[in-house]
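Please go through the following fold with me. The report starts with the contacts of one residue and then moves out to the whole chain.

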Amino acid sequence: MVLANSVPAFIQEKKFLKNVSPATLNWYKYSLQAFEPVLKLELNTAHEIKAAVINRIAELQTEGRGNT
């Protein structure tokens with residue numbers, strides 16, 4: 001499963017079903033950009049997704065981005 005394919009549906013759900021503000025939608029889009037390398041991977045299990053997200057967080061921290 002490539003998670004990037006689910007991002008537009010996620011944004012649409014938040015916009016129409018949850019009625020979040022435009023600022024919140026922009027925050028989601030901005031935040032998801034940081035995880036774009038993970039979202040493009042072919043990941044098939046929850047374990048693979050979790051490991052990829054943890055690795056990406058470590059990469060972002062190494063780059064000095066994100067919360068420490």
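Contact here means heavy atoms within 4.5 Å. The model is predicted.

**Arginine 56 and its surroundings**

By that cut-off, arginine 56 is in contact with Ala34, Phe35, Pro37, Val38, Glu63 and Arg65, leaving aside its neighbours within four places in sequence. Arginine 56 sits in helix α4. Is arginine 56 buried or exposed? Its relative accessibility is 9%, so arginine 56 counts as buried; the cut-off for buried is under 20%.

Glutamate 63 has 47% relative accessibility and counts as partly exposed. Glutamate 63 can also be placed against glutamine 33. The two are 30 residues apart in sequence. In space they are 15 Å apart, C-alpha to C-alpha.

**The chain as a whole**

The protein chain has 4 helices and 0 strands. Along the sequence the pattern reads α-α-α-α. The C-alpha trace spans about 35 × 30 × 15 Å along its principal axes. The chain has 68 residues, and 18% of them count as buried. Consider the contacts with a separation of 6 or more: residues 24 or more positions apart account for 41% of these.

**Helices α1 and α2**

Two packed helices are described by the angle between their axes and the distance between the axes. Helix α1 covers residues 7-17, and helix α2 covers residues 22-34. Their axes come within 10 Å and cross at roughly 160 degrees. Angles over 145 degrees count as roughly antiparallel. Therefore α1 and α2 are roughly antiparallel to each other. Their crossing is right-handed.

Which residues meet between α1 and α2? From α1 come Val7, Phe10, Ile11, Lys14 and Lys15. From α2 come Leu25, Tyr28, Lys29 and Leu32. By class, this contact has 6 nonpolar, no polar and 3 charged residues.

Helix α2 has 13 residues. From first C-alpha to last, α2 reaches 19 Å, close to the 18 Å expected at 1.5 Å a residue. The buried residues of α2 are Leu25, Tyr28 and Ala34. Leu25 and Tyr28 are also among the residues that meet α1, while Ala34 is among the contacts of arginine 56. The cover over the buried residues of α2 includes α1, α3 (36-39) and α4 (46-62).

**The loop between α1 and α2**

Asparagine 19 is placed in the loop between α1 and α2. Its phi is positive, about 55 degrees, although asparagine 19 is not a glycine. With 63% relative accessibility, asparagine 19 counts as exposed.

**The start of the chain**

Methionine 1 is found in the segment before α1. Methionine 1 has a relative accessible area of 46% and is partly exposed.

**Accessibility of the residues discussed**

| Residue | Relative accessibility | Class |
|---|---|---|
| Arginine 56 | 9% | buried |
| Methionine 1 | 46% | partly exposed |
| Glutamate 63 | 47% | partly exposed |
| Asparagine 19 | 63% | exposed |

Key:
Residues numbered from 1 in each chain as written. Predicted model: local features only at pLDDT ≥ 70, side-chain atom pairs only at ≥ 80, totals over all residues. Heavy atoms only, no water. Axes fitted to C-alpha atoms, helices over the stretch in contact; angles between N-to-C directions. Helix = DSSP H or I, 4+ residues; strand = E, 2+ residues; numbered from the N terminus. Parallel < 35°, antiparallel > 145°, perpendicular 65-115°, else oblique. Left-handed = near helix turned anticlockwise from the far one by under 90°. Nonpolar A, V, L, I, M, F, W, Y, C, P; charged D, E, K, R; others polar. Expected span 1.5 Å × (residues − 1). Buried < 20%, exposed > 50% of the residue type's maximum accessible area, 1.4 Å probe, protein only.
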